[in-house]
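Hi,

Here is the structure I said I'd pass on. Have a look at it first, and then read my notes below.

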Amino acid sequence: MAKKTGSKKLVVVESPTKAKTIKKYLGDEFMIESCMGHIRDLPQSAKDIPEKVKKEPWAKLGVNVDKDFEPLYCIPKNKTKVVKTLKDLLKEADELILATDEDREGESISWHLLEVLKPKVPVKRMVFHEITKSAIQKALDEFREIDFNLVKAQETRRVLDRLVGYTLSPLIWKKVAYGLSAGRVQSVAVRLIAEREHARLRFVRSSYWGLNVQAEKDKAQFQARLIGTDSKKVATGKDFDGETGKLLDNKKSEVIHLDETKAKAILKSIEGKKLKVIEVEEKPVSRKPAPPFITSTLQQEANRKLGMGAREAMQVAQSLYERGLITYMRTDSTFLSKEALEAARGRIEAAYGKEYLPDAPRTYEKKKAKGAQEAHEAIRPAGTEMTPPEESKLRGPALKLYEMIWKRTIASQMVNSQQKQMSIRFDCEGHLFTASGMTIEFPGFLKVYVESTDDESTNDKEVRLPKMAKGDEINVIEAKATDHETKPPARFTEASLVQTLEKEGIGRPSTYAAIISTILNRGYVNKAGNALVPTFTAMIVSKLLSNYLPKYVDSEFTSKMENSLDDIAEGDLDYHQYLKEFYLGDEGLKSEVDSKEEVIDAEEARSIRFKPLGELEFRVGRYGAYVCRKEDGEDVCASLPFEQAPADITEEIANKLIDQKINGTDALGDHPESGQPIYVLNGRYGPYVQLGDASDEGDKPKRTSLPAGIEPEDVDMELAVFLLDLPKTLGQHPDTEKDVKVGIGRFGPYIVCDGDFRSIPKGDSLFTIDLKRSLEILSEPKKGRGKATPLKELGKHPDTDEDMNVMSGKYGPYVKCGKVNISLPDDLEPADVTKEKAIELLEPKMASKAKKKAKKKTGATAKKKTAKKATKKVTKKTAKKATKKKATKTKKKS
């Protein structure tokens, strides 16, 4: 056992970054170590299950449903070294301090550490919501015990997720396709996205017309639009039924539907006429700032303003928290501490003046949901300084997110924005027109921050109207009839999905990032720009669960589950009893799935029809989604491109794919050199040309994807031969004498020379690019995929002779030398990095790597020696045995 030297306290946190930040505020008597997140979990595969329980009926589930739903926890292989390090350090410590995050998951990690390390020294629980000197000092003075109610709530959530996932997923494998998954919250999210797609499929477009005029008063021009005629309101998009394309029943007597003829008749009737002001309405509007961020609003704004997905936003926020720059990022509280309020008010007065400062600090009362995230404060810049973004020394996504958090926090403590809204109505030959304007009288909080919205029509831009009074006659400069179409319901974005999940009480904000990542990674959803588009697999799985196990994809049922978890966290509900009823009850998950499995027809389960698409049937199989129609009583099918959106497919598109599949068997012609037939076919990843037929031996014929913008019917023999002859040699590189080739691959057209691939820029064509232009592209610094351009080249490392460069990374600049990367300190700019400084930064990591390599080599050499020794021993023993045997035979013979 290691000998203790002085009083030592072991502090365990989740990450190395958090450990590094905390170390700045603790003395030498503290040993700070990271446990790298959870150190144990339910088994992820059969090989994780201990031998002694492998034959138990519940082993694969990882939860002993017959013994109070006892979880089977395992230490993953990649955590054994972490656990050993912690145990070794604990031998030197007089005290163990568990300083994991203050939410349920953090509490759970602390409990698992306690269970695995089995400390014989005093244990203390340390919590804080920001990593600053004062917060750490306060936490050291206010230790507490582990909150076992929070632990049980987190453990119940984990067990629930396992029970639902491992019970529903096998059913989907059997009835739809192997490898698909279902989940307690993910399946509800998929249902929401699929239902929105069904609404888009049912949607019937309506066209309607309107009238806009450009008018002028006192040399100031403005726009007015027609809103009424014949004492009736002119119909707009919201007056139509999205499923019939006709006017809503309750609107038929109130509105008039203008078509092109009617609109142009009105246009003609006002020709050369003036607008007469009949009503002027002005009203002051005072707008309040939005409250500071909580987890869900941070994810929504990061998506809308910065284009960040929920996972990326939370990863960047986590890194900001661990570096001591913001408060804890998992919270449902909009509360700001007294210190934060004083700091924000100080910044406002210094930067914008007293007129932007309210008389008293603003407080935001938000009804705290039972069991909300356990942090007690909103997400804000940490500490009492409210460090401005330009002084933060941050870069890239971290700077953008910090700046957004800083601005939102500061704006939340500023005075209201004072605006004036103006609405004017005009008459022209019995037709009613309107013009609206808005002026900002005093910007207030808008000076710093404007909240985003998914509705692009709402904004805070000023629209100034000239001064007008009732009875004024206004000149019309231009008038035109405008045609419009109604729009289908918008698909979910990550921001709007998070908003809906929170509103419905599905999951918790801290889980939204993981939910969205799961449905994207498992092929249920694709991203088209910022929109979440369900795949046909999502539509079919959602249909199966909604038809046969509806409550497990029901928003209200899932919300009640969250409430039950909250009750467990509060100590108001027994988790054993809850799990027993949920899983083994008369209407529990197990009995429902067992009973439904018998009645679900697999053929029906893996297919779906959409009413607007007639008799076409969409199915999911081993190789993805495909579409079928009946011809002479037989199914004729064709693969659907993976990224084909269900609501965007039409009968014409689907039948075209099937026709191409049928007609694809008729060759376009024979290749002029090889004589093999050429086909134009359609596959899961889109249309392509194929040379020759597939053989029974499994040899794949040559295939080339069609370039973007070229349809299968546009392909003639000349184009097909050109594509199949790719990659094509354009000539030799003058410096290396290596071939320069042009081709088309997974990421589009490219040129390549000696393994250096470059995408062909948009302005150039795959069909016309020549050697000269290719050499120009190859001479440019490589961007994007592959080798990035260094920010600064530092020369060779004296020990390894490898290039040292300063590079730009996702989380800031870093020094790269071979396979070793090291982030730059916050106070060091890339331009200021010298060769000597880079060597100094790299030295600890390179030394550690060299040590590991040497240890590995020593281990391998020792193994080799042992094996050699063992072989020698065996050989010697075998020879001795043979000699003895020979001697015995000779003796017998004589």
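**Strand β5 and its neighbours**

Strand β1 (residues 9–13) and β5 run parallel, and 4 bridges join them. Within that pairing, Val 11 stands opposite Ile 97 of β5. Keep in mind throughout that this is a predicted model.

β5 also pairs with strand β6 (residues 123–125): these two run parallel as well, joined by 3 bridges. Here you'll find Leu 98 opposite Arg 125 of β6. To get from β5 to β6 the chain goes through helix α3 (residues 104–117), and this β-α-β crossover is right-handed.

**A few spots in the loops**

Ser 231 has phi near 65 degrees and sits in the loop between β8 (220–229) and β9 (232–234). Its relative accessibility is 83%, so Ser 231 counts as exposed.

Glu 737 is the other one, with phi near 60 degrees. You'll find Glu 737 in the loop between β25 and β26 (739–745). Is Glu 737 buried or exposed? At 59% relative accessibility it counts as exposed, because the cut-off for that is over 50%.

Last, there is a cis peptide bond from Leu 726 to Pro 727, with omega near -5 degrees. Pro 727 belongs to the loop between α20 (717–724) and β25 (728–732).

Cheers

Notes: Residues numbered from 1 in each chain as written. Predicted model: local features only at pLDDT ≥ 70, side-chain atom pairs only at ≥ 80, totals over all residues. Heavy atoms only, no water. Pairing = 2+ DSSP bridges. Right-handed = clockwise from strand over helix to strand, strands pointing away. Buried < 20%, exposed > 50% of the residue type's maximum accessible area, 1.4 Å probe, protein only.
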